[in-house]
Amino acid sequence: MCLSRSGHPVRSFRLAESAVEIGSHPSCDIAIHEARVPSRALLVHPSGGTVYLYDLVERPGLEGRSVMPLAQRVALGGGFSVTRVKAEAQLNGSDTTELIRPQPVERARLSLVSGAGAEARAFHVGEAPMSIGSAADNAIALSDRAVSRYHCRIEPGERACAVRDLASTNGTWVDGVRVQRQELRSGATLRVGRTELRVVCRGTAGKRPDFVVQSAPMLALMSETDRLARLPWPVLIRGETGVGKEHVARALHERGPRCSEPFVALNGGGLPRELIESELFGHERGAFTGAAHAHRGAFERAHQGTLFLDEVAELPLDLQTRLLRVLETWRVRRLGGERERHVDVRLVCATHSDLRAEVQHGRFRADLFYRIHRLVLEVPPLRARSSDVLPLSEHFLGEMQAELGRRCLTTGALERLRGHRWPGNVRELRNVLELAAVDTESGRIDHAAVERALRRTGESTIQAPSPDTLRETLDHYAGNLSATARALGIPRSTLRDRLRGGAEAKR
């Protein structure tokens, strides 16, 4: 990019992986000391091999952009202009500054989250810059009197994402430090006026995530997960069956300092009483009938890593006593053994039960409860985050593609899935999609296939299908009313009345 004055080259800059701001303000990347040049005139943003241009004078909220073609001069004022030229071009008499492009890496997909739980709001950072301020044309408009009209800007780059302060009155703060321009990383806290926005990672660009995080409640949960991941203390994850508590536990492990060490998962309610003790603490050879070899328990296998103990409320009381002792001494003795072994483990427990009620009924030890009930994460049920249904469905259908071929949801099918209460949460959604995908010979999963899958899982509740769903299913069965009614799970007479009512409404 060449900067010229009165048609004469002054200086050239090689466009790198991040945005370049041009103007007369001293904080601009290219600062032009000329009063007739606007304070913030242009933003040049390379993205995906294309260079985009934003007019910061006419649209400071970044509502529009244009492609910056080669050799086209863009006036700045005061006789100054910029032109995009080929990198190989030699500009005689100009001072050339080379910005070296680093090796490309996978950039994390970030979101900004404010609030918590059902009150959380999420803003996804995409490929284009986003402005933050109190003016209505900002990408993130905040009703905060301490926020300037155009307070700061989020600038995605090829390698990372950065925040730039726009000469705001109260400043832009990252993790308690006032910044002019700062790279944003997952787990950071961005403060704008009195508003805190937590930076959350949704995954890595170009990679299929193992854990889908899209809705505001789940992004708020992952923000809290990032905060707790750095701490060494036990964490209790609470949530209904099938919400993905083990995925949250893995996220705690992978985002913490023990990420390179083992992650060991054990279900406290999934094993017979005789095996739980051995699986937790290990056993020596000959400790009981069938113990032909020594066995390392979960605590030993998770040494220096994370032990995830699912359904901790299902542990028998005597094993709760042994677990408490390990948490107090961090020493484990195998069944049939005499020597104690030191273990260093980050314990993460999960339950769908109300542990306080279990303590009151004498089914869970109060001292163990207070030991593990220090840091708590609540995983919201799927019915409280219906915006996750589509990305979760796409994720599961993508996993099935190798066995079943490509599958996609019709509008009616997605509507039915979003309207379901999902008592079995994400696990139930996966089961329903598997049944519907197998039941579909074409690549389209329609409302009828979803309805049949829900009936087979025993969780279907009859709902009045929408007019679009009626027409879609009727077209699928070539106008056959009986087949359409069976697929929708409604009487033929009801279907006929609905179709007749829809025709009359059109007239």
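## The whole chain

Of the 507 residues in this chain, 48% are buried, where buried means under 20% relative accessible area, exposed means over 50%, and partly exposed is in between (1.4 Å probe, protein chains only). This is a predicted model, in which local features need pLDDT of at least 70 and side-chain atom pairs count only at pLDDT 80 or more, while totals for chains, interfaces and linings use all residues. Residues are numbered from 1 along each chain as its sequence is written, and side-chain values use heavy atoms, with hydrogens and water left out.

You'll find 14 helices and 30 strands here; both are DSSP runs numbered from the N terminus, with helices (H or I) of at least four residues and strands (E) of at least two. Now take the contacts between residues at least 6 apart in sequence: 60% of them join residues at least 24 apart. Contact here means heavy atoms within 4.5 Å.

Strand S1 (residues 2-5) runs antiparallel to strand S9 (residues 80-83), and 4 bridges join them. Two strands count as a pair if DSSP finds at least two bridges between them. Across this pairing, Ser-4 stands opposite Ser-81 in S9. S1 is also joined by 4 bridges to strand S2 (residues 8-13), again antiparallel, and there Cys-2 has Ser-12 as its bridge partner. The hairpin of S1 and S2 has 2 residues between the strands, and Ser-6 takes a positive phi near 55° in it.

There is also an open sheet of 5 strands, in the order S4-S3-S5-S6-S7, with mixed pairing. Its edge strands, each pairing on one side only, are S4 (30-31) and S7 (66-67). Strand S3 (residues 20-23) and S4 run parallel, joined by 2 bridges, and Gly-23 is partnered with Ala-31 in S4.

How far apart are the end C-alpha atoms of helix H5? They are 19 Å apart, which agrees with the 18 Å that its 13 residues (317-329) should span at 1.5 Å a residue. The expected span is 1.5 Å times one less than the number of residues.

Buried residues of H5 are Leu-319, Gln-320, Leu-323, Leu-324, Val-326 and Leu-327. Looking down the axis of H5, you'd see the buried residues fall within an arc of 160°, so they line one face of the helix. Just after H5, Trp-330 takes a positive phi of about 55°.

## Two nonpolar cores

A nonpolar core is a set of buried Ala, Val, Leu, Ile, Met, Phe, Trp, Tyr and Cys residues joined through side-chain atoms within 4.5 Å. The largest one has 29 residues, and those with the most contacts inside it include Leu-280, Phe-299, Leu-323 and Ile-372. Which helix or strand gives the most to this core? That's H5, with 5 residues.

Most residues other than glycine have a negative phi, and most peptide bonds are trans. Gln-304 isn't a glycine, yet has a positive phi of about 70°. Gln-304 sits in the loop between H4 and S24 and is partly exposed, at 38% relative accessibility. Trp-422 isn't a glycine either, and has a positive phi of about 55°. Trp-422 lies in the loop between helix H9 (411-419) and helix H10 (425-439), and is buried, with a relative accessible area of 1%.

Over in helix H9 you'll find Leu-414, which is buried with a relative accessible area of 14%. Leaving aside neighbours within four places in sequence, Leu-414 is in contact with Val-389, Leu-390 and Leu-409. Leu-414 and Ile-445 are 31 residues apart along the chain, with their C-alpha atoms separated by 9.1 Å.

Key
The arc is that of the directions from the helix axis to the C-beta atoms.
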